[in-house]
Amino acid sequence: MVHEKRPRVVVSGNSLLVERLDQQSWKPVINWIRIAAFGSAGGKVKLDGSDVMASAFRIKAGSGILKYAGRSHRGYLTILAGSNGITVVSHMPLESYLAGVVNGEIDSSWPMDAVKAQVVAARSYALYHMNAQALYYDLKTDVTSQIYAGFDSEDERTREAVKSTRGQVLYRDEELIQTFFHSSCGGNTTSAREVWGMAQPAQEGVYCGECEEAPYARWNLSLEAGEIIGVVKALIPGVDEVNSLGVHRRARDGRVQTLFAETGKGRVLMDAGEFRKEMGYRRLPSTSFSLGKSGDRIILTGQGYGHGVGLCQWGARGSALRGMNYKQILRKYYVGAEIRRAY
C-alpha cells in the first residue's frame, strides 16, 4: 500500500528499528526508539535529529504495531524519496491486510455471508494488482484501490471472515478477475465497459434489487450556478461562463456518460465520471441521475453510491439477509465467476 507526495513523515511504535538503503542492502541506523520522523532533503530522505540521508529507509517494530498517518499498520514501512516529496509504502501479508480492509469498505456487523463476500472480492482485487508487478507498491489505501482502515479497525468478525475464506478468489475462464465493488447500485449494477470503456470478465450489469436500505439508495443534489461553473472551469480551462448543463449521452442502463455545458464559447462536453470526481464523490454520489431546474438552481435526482460495477455492497447485505450464502452472492454479481483457492 502506498501514500505519496508527503512533505514529512512521522512513525511511532514500540522498539522501532530504522534501517537505510545502502547499495542494495539495508544497514541499521538506530534501534529501540519510539518515534522516527523524516523529511525531504535534496532528492533524498533525511532522518530527523541526525545527518543521515538515504534514497530509502525501512522501519520495523520490535514488538506491536506501527502507527502512521492516523492508522495502525502490521508489517513494516518503507520511506522512499520522490520527486514531489516522500512516498511511504506499507508492507504486510495479504491475509493480514484484508482484515483491515473490511471495516474500511463495509460494516463487519453485517451478516457474515456479506462480510465473507466482501473479503473474497477484496482478496481477488488485491491479488490481481499484486500480479500486475507495479514498481514499488501494489495498492493505494483509498477509494482509488480499496480502503485500508488499519489494524485498529479489525475485530473478531473481520478476522473470522478472512480466516474462513483463506486463499479464495474469483476466476472467469481461467483468468483472475479484477473484482470491482461499490457501495450501492440503486437497483441495477452496470458494466466496466459502460463506465470505463474496458472489458472485464464477469462484470456486466445485473439486477440487484437488494440495496433499498442503503443511505444513498435515492438522493437529490441542489447546485448553485457558481458551483457548476467552478467544476466546468476546472475540467475545461478557458471557459468563462456556463449558461446551461445537460446530458449528452447515457449508457444503456441509464447512467450518464457525457454531460454538455453551454458556455460563452459554445458547447463543451465533459466525461460524467470526471465531472463527479471534480464535484467530489460524496457530493455527487453516482452518475445515475436526471437533471432538473428549480429557479436558478440545477437539481440532480439520482440513485446509488459509487461507480456501479461489480459487487453492490449494500446489495450483498440485503442478499445475505434473504438467505443467500457468500458464494451465491458473489456469483450473483460476478456472472459466470468461479471461486477457487489461489493458495
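What follows is my request and one connected reply.
Which elements do the buried residues of H8 pack against, and how are those neighbours arranged?

Modeller: First, what kind of model this is. The model is predicted, so local features need pLDDT of at least 70 and side-chain atom pairs count only at pLDDT 80 or more, while totals for chains, interfaces and linings use all residues. Residues are numbered from 1 along each chain as its sequence is written, and side-chain values use heavy atoms, with hydrogens and water left out.

The chain as a whole gives the setting. Its secondary structure comes to 9 helices and 20 strands; helices (H or I, at least four residues) and strands (E, at least two) are DSSP runs, numbered from the N terminus. The C-alpha trace spans about 65 × 55 × 35 Å along its principal axes. Of the 343 residues, 49% are buried. Buried means under 20% relative accessible area, exposed means over 50%, and partly exposed is in between (1.4 Å probe, protein chains only). Among contacts with a separation of 6 or more, 63% are between residues 24 or more positions apart; a contact means heavy atoms within 4.5 Å.

Now to H8 itself. Because 8 of its 9 residues are buried, H8 is largely enclosed by the rest of the structure. The buried ones are Gln-313, Trp-314, Gly-315, Ala-316, Arg-317, Gly-318, Ser-319 and Ala-320. These residues pack against helix H2 (102–105), H3, strand S12 (181–182), S19 and H9. After H8 comes Gly-323, which has a positive phi, near 105°.

Leu-170 lies in S10. With 0% relative accessibility, Leu-170 counts as buried. Leaving aside neighbours within four places in sequence, Leu-170 is in contact with Val-120, Ser-124, Glu-175, Leu-176, Ile-177, Thr-179, Leu-330, Tyr-334, Ala-337, Glu-338 and Ile-339.

The axes of H3 (residues 112–130) and H4 (residues 156–164) come within 9 Å and cross at roughly 60°. Axes here are lines fitted to C-alpha atoms, for helices over the stretch in contact, and angles run from 0 to 180 degrees between N-to-C directions. H3 and H4 are therefore oblique to each other. Angles under 35 degrees count as roughly parallel, over 145 as roughly antiparallel, 65 to 115 as roughly perpendicular and the rest as oblique. The crossing of H3 and H4 is right-handed: a crossing is left-handed if the near helix is turned anticlockwise from the far one by less than a right angle, and right-handed if clockwise.

Which residues in H3 and H4 meet? From H3 there are Met-112, Val-115, Lys-116, Val-119 and Arg-123, and from H4 there are Arg-157, Glu-160, Ala-161, Val-162 and Ser-164. The residues of this contact divide into 5 nonpolar, 1 polar and 4 charged. In this count Ala, Val, Leu, Ile, Met, Phe, Trp, Tyr, Cys and Pro are nonpolar, Asp, Glu, Lys and Arg are charged, and the others, Gly among them, are polar.
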